[in-house]
Amino acid sequence: MTYGWLDDEAFCATHVRGLTPHEALARLGVEVFDGDDEEGEIDVGLICAYPAEGGTILGEANGYAGSLDEVLRPLSAGTVVASVFVNVNMVAGFNHYADGREILSFDPMFPHEVDDQTAFLADRIELGLVHDKATGGLAAARSLAERITGVRPALSSRVAVAHGVLDY
């Protein structure tokens, strides 16, 4: 399955293990609404929740809430999350939290020599996300998020089943 419902140029995709779309959004303390009636009327802060194999994927077009500590800490309580973010200026980030703690954070667009972050090092090397000749990029970062969380797009992931608006 692919991420065709995400904007290729600017997005944030946050994989949340073991939570339904409604549960994931509720952890953010936002009002949750179903369907897509209001979706076109919201300019900033819209988070779409997609059901996925193993949990939920929160998607934002041209957003970055899923890369913020104040979002990832409560979202990861009792579970694991991983987010991939990029904006139109090619500023990007990968963040992994488990049970409210940051485990791994790096820029998937500009991989660097292995540093003191040893979490998932074998996976990051295999996917091309470390060393000076790395070629992994955003696709590899999404694959790493899937490996870490066990959350993968499914046929049902094509349609957001819940939405919320987060002011940030």
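The model is predicted: local features need pLDDT of at least 70, side-chain atom pairs count only at pLDDT 80 or more, and totals for chains, interfaces and linings use all residues. Residues are numbered from 1 along each chain as its sequence is written, and side-chain values use heavy atoms, with hydrogens and water left out.

Start with the sheet. Helices (H or I, at least four residues) and strands (E, at least two) are DSSP runs, numbered from the N terminus. Two strands pair if DSSP finds at least two bridges between them. Here 8 strands form an open sheet in the order 2-8-3-4-1-5-6-7, with antiparallel pairing. Strands 2 and 7 stand at the edges with a single partner strand each, so one side of each has no neighbour in the sheet. From one strand to the next, the twist averages 20 degrees.

Now look at strand 8 (residues 162-165). It is joined to strand 2 (residues 32-34) by 3 bridges, and to strand 3 (residues 46-52) by 4 bridges. Histidine 163 has a residue opposite it in each of these strands. Phenylalanine 33 is one, and cysteine 48 is the other.

Move on to strand 4 (residues 55-61), where isoleucine 57 is found. Strand 3 and strand 4 are joined by 5 bridges. Tyrosine 50 stands opposite isoleucine 57. Buried means under 20% relative accessible area, exposed over 50%, and partly exposed in between (1.4 Å probe, protein chains only). Isoleucine 57 is buried because its relative accessible area is 0%.

Helix 4 packs on the sheet and touches strands 1, 5, 6 and 7. Contact means heavy atoms within 4.5 Å. The direction of helix 4 makes about 170 degrees with that of strand 5; axes are lines fitted to C-alpha atoms, for helices over the stretch in contact, and angles run from 0 to 180 degrees between N-to-C directions.

What lies inside? A nonpolar core is a set of buried Ala, Val, Leu, Ile, Met, Phe, Trp, Tyr and Cys residues joined through side-chain atoms within 4.5 Å. The largest has 21 residues, of which Val84, Phe94 and Leu144 touch the most other members. Helix 4 gives the most to this core, with 6 residues. A second, separate core of 18 residues includes Ala49 and Leu166.

Finally, the cysteines. Cysteine 12 counts as buried because its relative accessibility is 0%. Cysteine 48 is buried too, at 7%. A disulfide is a pair of cysteine sulfur atoms within 2.5 Å, and the count here is 0.
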